[in-house]
Amino acid sequence: MRNVILFLILILSARIPAQTRGPGPRYVLLQPAGITKDSIFTRVKNDLRFIQLKARDTVADIGSYDGYYPCMYSLFSDSVTFYLNDITGEAFTGLDSMKVICSGKRGKGITNTFQVTIGNDSCTNLPDHFFGKVVLRDALHHFANPDKMLADVKRIMKPGAELILFETIKDNGGSNPHLCKGAMTKDELIKLMRLNKFKLKRELALPGNNYWFEFSIKK
């Protein structure tokens, strides 16, 4: 029962929205002994399956907040460079502690590297045409100006790069009152991406109206 409770804490804590201020770094939620490498894998296995991290990948994690997910991914991947990006650096003060904790859960040192870059609500301040993968987890619907941010995302993507989105989708009946104000239906999201010259390549539907999407830039 104790392990079940700890795992539920791990899941619920992950709902801190990106590109917004939250209650503080989440490294303390990874500290309990009951949070193991196996329980973390259960939490992120669908992410890993969809993002498909490979050695020497360079990944922009936009709306990263505190690096929580890239640190967890680092238990199961090697030699990936993550650029952690958000509009405030407040939560990144816990990044070093989170890396130490995840190294302990992994049982050996993390080989992935992390670089923090602070942007604003219209620009990531990340380098041009630099990234093979750009991940926006629970971030797109928080953008004050999604068109400007998506234009900036295109700027930082290498030719042939992948834009990978995680979003909770609003159903057409609007039956989930707990979604963020900016939440979109699937049709609205696809339309927004199409208008910004992105093409849907694949998707993964998950419980709770959650989806992973992969987009490429239209040629």
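**Note on the fold of the chain**

1. From the N terminus on, the elements of the chain run α-α-β-α-β-α-β-β-α-β-α-β-β, which comes to six helices and seven strands. Here helices (H or I, at least four residues) and strands (E, at least two) are DSSP runs, numbered from the N terminus. This is a predicted model, in which local features need pLDDT of at least 70 and side-chain atom pairs count only at pLDDT 80 or more, while totals for chains, interfaces and linings use all residues. Residues are numbered from 1 along each chain as its sequence is written, and side-chain values use heavy atoms, with hydrogens and water left out.

2. Some totals for the chain come next. Of its 219 residues, 49% count as buried, where buried means under 20% relative accessible area, exposed means over 50%, and partly exposed lies in between (1.4 Å probe, protein chains only). Among contacts (heavy atoms within 4.5 Å) between residues at least 6 apart in sequence, 74% join residues at least 24 apart.

3. The seven strands form an open sheet with mixed pairing, in the order S3-S2-S1-S4-S5-S7-S6; two strands are said to pair if DSSP finds at least two bridges between them. Strand S3 (113-118) and S6 are the edge strands, each pairing on one side only. From one strand to the next the twist averages 20°, and for such angles the axes are lines fitted to C-alpha atoms, for helices over the stretch in contact, with angles running from 0 to 180 degrees between N-to-C directions. As background, strands of a sheet pair through backbone hydrogen bonds, either parallel or antiparallel.

4. Strand S1 (residues 58-62) runs parallel to S4 and is joined to S4 by four bridges, with Ala-60 standing opposite Val-134. S4 and S5 also pair in the parallel sense, over six bridges, and in S5 the bridge partner of Val-134 is Leu-163. S4 is mostly covered, as six of its seven residues are buried.

5. S5 has a further pairing, with strand S7 (residues 210-217), which is antiparallel and extends over six bridges; in S7, Tyr-211 is the bridge partner of Glu-167. Helix H6 (residues 186-195) lies across S5, S6 and S7, running at about 15° to S7.

6. S4, H5 and S5 make a right-handed β-α-β unit; a crossover is right-handed if, with the strands pointing away from the viewer, the path from the first strand over the helix to the second runs clockwise. Val-153 has its place in helix H5 (residues 146-156), and Val-153 counts as buried because its relative accessibility is 0%. Not counting residues up to four places away in sequence, Val-153 touches Ile-62, Val-134, Leu-136, Leu-163 and Phe-198.

7. The largest nonpolar core has 31 residues, of which Leu-30, Leu-53, Tyr-73, Phe-82 and Trp-212 touch the most other members. H2, helix H3 (68-73), strand S2 (81-86), helix H4 (95-106), strand S5 (157-168) and strand S6 (198-206) each supply at least two residues of this core. Apart from it lies another core, of 27 residues, among them Ile-62, Phe-131, Leu-136 and Phe-215. A nonpolar core is a set of buried Ala, Val, Leu, Ile, Met, Phe, Trp, Tyr and Cys residues joined through side-chain atoms within 4.5 Å.

8. Helix H2 (residues 37-51) deserves a separate look, since there is a kink of about 60° in H2, centred on Val-44; the bend at a residue is the angle between axes fitted to the seven residues ending there and the seven starting there. The buried residues of H2 include Arg-43, Val-44 and Asp-47. H2 is followed by Gln-52, whose phi is positive, near 55°.

9. Asn-125, in the loop between S3 and S4, has a positive phi of about 65° although it is not a glycine, and Asn-125 is partly exposed because its relative accessible area is 44%. Lys-197, in the loop between H6 and S6, has a positive phi near 70°, and at 48% relative accessibility Lys-197 counts as partly exposed.
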